[in-house]
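Hi,

Here is the structure I said I'd send over.

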Amino acid sequence: MLPGVYGQTGAADGATGADWPHYGGTQLSWRYSALSQVNTANVKALIPIWIFQTGDYAENLQATPIVVDGVMYIITPRAQVFALDAATGRLIWQYRYPPVQAGNLRNSGVAVSDGKVFFGTRDNYLVALDQMTGRELWKTNVDDQKQCQCGISAAPLVVKDKVIVGGNGGDRAERGYLTAFYAKTGRVAWRWYVIPGPGERGNETWKGDSWKYGGGNPWMTGSFDAALNLVYWGTGNAAADFYDADRIIAGADKGKDVNLYTASVVALDADTGKLRWHYQEVPDDNWDYDSAYETILMDRQIRGRMRQTVVHMNKSGLTVVLDRVTGELLSVFSIPEVRNWITGVTEDGKLVGRNEPKLGKTDTFCPSVYGAKSWNSMAYSPRTGFLYTPTNELCNDATANDTKPVEGRAMMNAALTPKLPPNRTTYSHVDAWDPVTGRRVWSVPYKYLLAASMLATAGDLVFTGDPEGNFFALNARTGDKLWSYQTGAGHRGSAISYSVNGRQYIATPTGWQASILGGVAAGLFPEASFRLGSTLLVFALPEGAK
Amino acid sequence: MTRTLLLIAAGAVSFGQNLPDVLKQGEKVFAETCATGYCHGLRGTTGGAPRLVGRGFDPAFINNIVTRGVPGTAMPGFGESLPRPDVIAVVSYVASLNGVANPNIGAAGSAPAAPEIALSPGAARGRDLFSDATRGFARCSTCHELNRIGISVATPITQVPASASAARSLVTPHVSTATAGSEIMPVLVLSNTTRSVLLYDLTASNPVLRTLEPLSVKIAEGSPWRHASVIGSYSDAELDTILMYLREVVKP
């Protein structure tokens with residue numbers, strides 16, 4: 001059976017097999033491998049099999065490796081792409097994108113399809129390489145980086161004959177969008193603007209010309225349901241955040257549909273890019289909670305009925321379970337322990353007790369703009385039915401200002417200072433949550449901050465790494481730590497599992513991030529050693545032990 | 001060595017403005033530009049970017065970083081995007097955070113960026129239309145780079161069409177026709193060697209730079225492609241305004 005399609009049970013199957021073909025594992029974004037050769041009984045025997053050093057130490061290795069037919073494809077923040085023998089680490093080819101003089105380098109990964117390897121660049125090109133040779137086949141400019149200051153850091157999503165990609169820089173004065181290009185030729189197929197233009201439904205939720213600069217960039221990677229032919233994506237918060245007077249209609253009801261379609265989960269027709277439905281998680285997101293993150297497609301029994309759902313979390317830790325056919329809210333829950341931006345959320349998703357930033361005044365908000373969780377992904381195991389997620393307990397002081405938009409300029413209208421919440425000794429945790437009941441099943445605390453993605457496997461294991469360099473495996477049912485390995489550098493990437501010739505491998509990128517969350521962690525924990533790097537480590541059971 | 005020299009040069013120049021006012025302005029610029037978002041935090045204490053308090057930075061070093069940025073990091077150069085007085089103020093402010101009692105950076109580091117060409121109000125409107133982001137790919141800057149904005153797909157503009165209709169009916173001699181398998185496409189050929197053919201495919205509204213096998217593609221002179229097909233989002237009045245802009249900035 002192909003991964004990512006409907007299995008014998010009729011439920012969507014988002015498990016990977018020998019390959020790890022997409023950013024989120026399959027297009028359903030579970031980050032779950034059906035391989036079980038490595039399991040709770042033998043994981044303690046895991047050993048490193050091969051190591052690959054990229055040599056590109058700018059902002060470490062954050063990408064999710066892609067594995068297809070025994071070949072691994074990995075990209076560095078400077079857009080150096082490597083094809084490696086996934087069993088041995090032998091270099092097959094490498095490609096170097098010309099150096100770009102632009103800030104905030106990061107890259108979440110490549111996409112592989114149609115005999116090509118696709119990736120986005122910091123200067124805003126989408127590039128296609130020949131999968132066999134690494135030769136450049138086509139490249140096209142998505143938008144003028146000199147003008148918008150935007151770039152592409154997300155892994156593209158391949159959907160049938162198209163490659164879909166959004167742009168980063170959601171906190172700038174620009175109008176976010178997703179663009180689909182034909183995989184074969186690079187020609188544009190469709191573009192969907194997050195913010196509707198004049199005359200389009202939703203534009204009336206914007207004050208004056210603010211729609212032109214309202215942000216909302218869908219800057220991460222979406223999901224795809226082949227049977228429904230719908231693409232799912234999270235959109236960023238409106239710009240500016242912390243100050244809304246220039247973008248919301250005076251007297252607007254903040255309860256629903258403010259500044260559409262920012263801070264939302266959207267479903268688009270895969271062929272045309274037409275909006276099918278939207279669900280706005282944080283109407284008038286004044287706190288930079290950004291809803292741009294992974295959309296996990298799973299089928300679950302809810303209140304006695306099998307539902308096709310999409311599960312999604314934003315940086316506030318607010319997590320919604322939506323019917324992915326209609327966008328109907330089925331369940332909502334909040335994950336972090338420290339929270340003061342709202343006092344609660346009703347069953348129908350209404351935010352209660354909004355703690356709004358005030359112009360010129362310094363207030364403390366929890367969670368912080370760095371997120372209860374940021375772009376690093378959760379994982380979902382159909383065996384346990386749990387979501388696995390890292391959560392940071394962090395606040396920030398914010399002093400709002402009323403800076404006006406200038407095209408391409410930063411538009412995050414607050415001076416921000418991260419702050420540890422009082423009366424705690426640990427500031428993050430790895431949790432298992434039941435998305436149906438919204439109940440936390442287990443939680444493993446950690447002293448510092450966690451920023452790597454989760455990987456779940458059919459061996460009932462959950463893998464992730466910490467900034468001190470430990471890459472570890474937890475029992476997916478209990479949270480017990482079963483194995484840990486010091487990789488030498490912090491973890492800010494996304495681990496995967498795959499197999500070659502019947503042997504299961506676990507691969508993890510390493511290298512802590514210097515800026516943003518990494519900078520915050522260095523400031524808050526000056527005594528700790530969070531090391532940068534750019535190395536891929538691959539583990540397996542010893543030969544003969546499998 | 002360079003840093004020392006700059007510091008000496010900086011010390012030799014007097015500051016025209018009252019220092020407390022400069023520091024106050026610097027603190028404001030810092031709060032709105034540097035402390036925001038994922039960056040340095042209020043008063044440079046802590047944030048997503050490095051702490052700036054008490055690092056032993058001298059004014060020339062700070063000025064260099066503020067003006068040029070740090071390549072490969074999130075730190076942009078503000079030499080062109082901030083007015084020079086704001087750069088001076090914010091550098092003085094950050095220097096004060098580093099214990100420099102009398103920051104005086106008027107001549108430190110690089111000179112301010114060359115001023116942009118002063119445009120008439122009509123030409124300024126034309127410049128905005130030239131790169132109007134609300135048009136997506138259907139804007140001039142998708143194919144033309146001018147005055148540091150746009151993608152240089154086409155050769156630099158050296159002649160300005162006389163009128164909107166002349167701009168529409170422009171026939172470029174550079175566009176030819178490529179046939180590759182079942183594809184027939186209007187193209188701009190960049191290079192054609194025995195190893196590869198590099199060309200811009202102009203079929204869709206986004207030009208695609210494609211690398212093709214020489215044996216798989218045939219290039220023929222001429223094409224039915226017309227400039228009118230890519231500037232359809234502009235009215236005649238808008239094109240006239242863009243032409244005003246071109247007349248003021250295009251160097252024949």
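How many residues does the contact take from chain A, and how many from chain B? Chain A puts in 46 residues and chain B puts in 43 residues. Do keep in mind that this is a predicted model.

On the side of chain A that touches chain B, the elements giving two or more residues are β10 (136-141), α1 (145-148), β14 (188-193), β28 (395-400), β29 (414-419) and α2 (517-524) of chain A. β10(A) gives the most, with six residues. If you sort that side of chain A by class, you get 16 nonpolar, 16 polar and 14 charged residues.

β10(A) also pairs across the contact. Three bridges join β10(A) to strand β4 (residues 208-212) of chain B, and the two run antiparallel. To find the spot on your screen, look for Lys139(A), whose bridge partner in β4(B) is Leu209(B).

Now for the strands within chain B. Strand β1 (residues 175-180) of chain B is joined by six bridges to strand β2 (residues 183-192) of chain B, running antiparallel. Ser176(B) has Val187(B) as its bridge partner in β2(B). β1(B) and β2(B) form a hairpin with two residues between the strands, and there Gly181(B) takes a positive phi near 60°.

β1(B) has another antiparallel partner: four bridges join β1(B) to strand β5 (residues 217-220) of chain B.

Cheers

Methods:
Residues are numbered from 1 along each chain as its sequence is written. Chains are lettered from A and ligands numbered from 1 in the order in which they are written. This is a predicted model: local features need pLDDT of at least 70, side-chain atom pairs count only at pLDDT 80 or more; totals for chains, interfaces and linings use all residues. Two residues are in contact if their C-beta atoms, placed from the backbone, lie within 7 Å. Ala, Val, Leu, Ile, Met, Phe, Trp, Tyr, Cys and Pro count as nonpolar, Asp, Glu, Lys and Arg as charged, and the others, Gly among them, as polar. Two strands pair if DSSP finds at least two bridges between them.
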